[in-house]
Amino acid sequence: MSDALLLQLEIDQLNARYAAALDERRFDEWPEFFLPDAKYTVQARENFDRKLPLALIALESQGMMKDRVYGITQTIYHGPYYTRHVVSPALVQGEEGGRIRAQAHYAVFRTRPGDASEVYNVGRYIDEIVRTPAGLKLASRTCVYDSEMVLNSLIYPI
Amino acid sequence: MSDALLLQLEIDQLNARYAAALDERRFDEWPEFFLPDAKYTVQARENFDRKLPLALIALESQGMMKDRVYGITQTIYHGPYYTRHVVSPALVQGEEGGRIRAQAHYAVFRTRPGDASEVYNVGRYIDEIVRTPAGLKLASRTCVYDSEMVLNSLIYPI
Amino acid sequence: MSDALLLQLEIDQLNARYAAALDERRFDEWPEFFLPDAKYTVQARENFDRKLPLALIALESQGMMKDRVYGITQTIYHGPYYTRHVVSPALVQGEEGGRIRAQAHYAVFRTRPGDASEVYNVGRYIDEIVRTPAGLKLASRTCVYDSEMVLNSLIYPI
């Protein structure tokens, strides 16, 4: 029992480090939260619920994540904004064949220069997590967001 | 000490399962989080603070909760919306006579079709929780919300 | 390992008690979360990131905090509002010389009489925490907020 509970704490720490890296704009660290062949998907809830394949972002390896970071930091022209993730304690759903299944609800707030903070993207992380010698790593993270309408374009990872 | 801390984790898991059931629209599961004779109340902070009895929703048994779910899913005509609960780690306040007292701050975001997500209802859960063979169950949950003005009608449980 | 994880829980309880005291307007209890010579700072992210000294609030002792509480509750004329803090599980960053370093992301929602709740201030707590016979106490809390534009004046502590 107590082991299962401690697992929540380990995942909370993973989620807190993940959120801190993104919100503090240490984007280079973001792919390091994943396994080399991990998947990262950002998908509208409507499509997720209907098992439709269309996703806003669908990256299928750590390499693609690094490309994405390069795009964000070096090439995409966009209006700058700050993000702030507030993530609920994780719900640990089980472990099978070395894969931990967990989810967590998140709210991401956006702040543009000179403007008030606003609700940007809310939803849940649906995760598969693997224990490695370097700690817990994401084998798969699907960000299912409620909003059909995304405020302007979504540049930074959720 | 450590037992009291682990209790926070158990309550966090309860709150996470509760939030997931509501936000994923598994409303039939909602009454199962409560004891048969449990109370569920949604009350404005202003009334709660003054100990006034008026509440937006006041259900006094699991049976009334099931009625409410039937109403929501079968009979009430309303504009559909998604909800997303983000709940803070629970504050464990004590245990007396087998009843655990705890509270947690929550923010519920609402997303209507084709619209951006918005702050819907924020407040705190004030709970009495009982340990049963089937896990922790709510003997009483009072949702005390800050907003005096509720955006349109509140259809789904908080 | 497990000790480090339990520390997260202790800090989560500290943050939950802190948030509850503020949101329930028990302002007199607020300085008690700090050591006598503790620092409390509320600073825009832009200034924090550039290591600029300008801060919205900079209190350098528990005595100054008590003065602030006196000001809030007895002397400042301001439009009343409710606050609601939703705080993520804490990220424990290390312990050195008896000082625990931790941070947590927060969202504070504001509700004015007769109005809907709105996003008020989002950011992170950057904390130094000390273990005392009376439990964990803040030696330093820096609230770094994303918004450059603060909605009206910020009266109550974050």
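Chain C and chain A bury about 2,300 Å² between them, with 60% of that on carbon and sulfur atoms; buried area here is the accessible area (1.4 Å probe) that two parts lose on being put together, summed over both. Leu5(C), Arg45(C) and His105(C) supply 25% of what chain C buries against chain A, more than any other three residues. The model is a predicted one, so to speak for local features pLDDT must be at least 70, and side-chain atom pairs count only at pLDDT 80 or more, while totals for chains, interfaces and linings use all residues. Residues are numbered from 1 along each chain as its sequence is written, chains are lettered from A and ligands numbered from 1 in the order in which they are written, and side-chain values use heavy atoms, leaving out hydrogens and water.

In residue terms, the contact (heavy atoms within 4.5 Å) takes 28 residues from chain C and 28 residues from chain A. The rule picks up 2 salt bridges across this interface, a salt bridge being a side-chain nitrogen of Lys or Arg within 4 Å of a carboxyl oxygen of Asp or Glu. Arg84(A) and Asp146(C) meet in a salt bridge through their side chains, at 2.9 Å from N to O. As for the residues of the side of chain C that touches chain A, 16 are nonpolar, 7 polar and 5 charged; Ala, Val, Leu, Ile, Met, Phe, Trp, Tyr, Cys and Pro count as nonpolar, Asp, Glu, Lys and Arg as charged, and the others, Gly among them, as polar.

Turning to the backbone, Arg25(C) has a positive phi of about 65° although it is not a glycine.
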